[in-house]
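Please find below a colleague's note on the model under review.

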Amino acid sequence: MMRLSCFCQHLSMDAAFKSPRFHPTASFSHSQVSFPFFSFQTQYLTVNKQPTILRCSNSSTISSTTNGNNNNMAGLPVKKKRKRYRKQYPGENEGITEEMRFVAMRLRNIKGKKVSSDSVSDSETDTENTPSDQEKEEDSETVKNGENGGDGEAETWSPTMEGFLKYLVDSKFVFNTIERIVDESDDVAYAYFRKTGLERSAGLSKDLEWFSQRDLVVPEPSNPGVSYVNYLEELAEKSAPLFLSHFYNIYFSHIAGGQVIARKVSDQLLEGTELEFYKWEGDVQESLKDVRKNLNMLGEHWSRDDRNKCLKEAAKSFKFLGQIVRLIIL
């Protein structure tokens, strides 16, 4: 009897310390906690929520939010970014020939003063996409006596017959070359400059024949003329715009500065005789105007880079022509 009593007591104690049993009654309520010999109540909170699923927001939602923010800022002043424009070259609005005219004017003047023959050296002539002060100085360094149009007004000079004949021979060599290239080339651009009324080679042939009949020795082309002709032939094969820059400036220089040379030579060497080189059929200014119009028309289709190169070739043209003009006073 005593053993049974102890066994029951032992069993009852084990049961008493077993895990309690929970009886939830509500989402937020009292729960009954029961043990074999005693019981008590406790409160607990049960969260009855559906699981939350995270996902990327719809783009339309973002847009609407952004638009809402923008609308809130609509009243604030908006600072616009300034648009930058390229600085135009002098004469650019009127055409490439006007740009080259400004080059010619710039070559005649450095800081408002005419350039003398000893002002700069030839070695600095080959020094490109906006017109900077440095470019202006570089272009000006191509100038020597008579290089702009060959008028030689920067210094007083006295022509010699021997030098004048060399000048005529080299001039004929140059005019023959540019007229032959334009006539024979298959490049469509050159077709606009045939039979312009400015051609000079025929008149120069007559003049040289006239001198030879007076027992004067007509020389062969000299180095300035040969160098320029070689340069023109290479340029004509490489680039029509660059060649036409020389083509125009050769005629322009002769018309603008040639009259000064004609007067000096006629008065001092030829006793007033007027050479064919300085005669034109019709109005020479009208003929030059037509050439200028055609060149400006073509120039509209050239890139700014090509036009810049044409301006540099214009400066080279005046340099080559100046070397030929200086033959007169040798």
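This is a predicted model: local features need pLDDT of at least 70, side-chain atom pairs count only at pLDDT 80 or more; totals for chains, interfaces and linings use all residues.

1. Residues are numbered from 1 along each chain as its sequence is written, and side-chain values use heavy atoms, with hydrogens and water left out.

2. The chain has 10 helices and five strands (DSSP runs numbered from the N terminus: H or I of at least four residues for helices, E of at least two for strands). Of its 330 residues, 41% count as buried (under 20% relative accessible area, with a 1.4 Å probe and protein chains only).

3. The chain exposes about 20700 Å², of which carbon and sulfur atoms supply 51% (Shrake-Rupley method, 1.4 Å probe).

4. The largest nonpolar core has 64 residues (buried Ala, Val, Leu, Ile, Met, Phe, Trp, Tyr and Cys joined through side-chain atoms within 4.5 Å). Helices that each supply at least two residues of this core include helix 5 (161–184) and helix 8 (240–268). Helix 8 gives the most, with 13 residues.

5. Phe164, Tyr167, Leu168, Phe243, Leu244, Phe247 and Ile261 have the most contacts inside this core. Beyond its neighbours within four places in sequence, Phe247 is in contact (heavy atoms within 4.5 Å) with Ile178, Val182, Phe193 and Val291.

6. Methionine 297 is found in helix 9 and is partly exposed, with a relative accessible area of 33% (partly exposed lies between the buried limit of 20% and the exposed limit of 50%).
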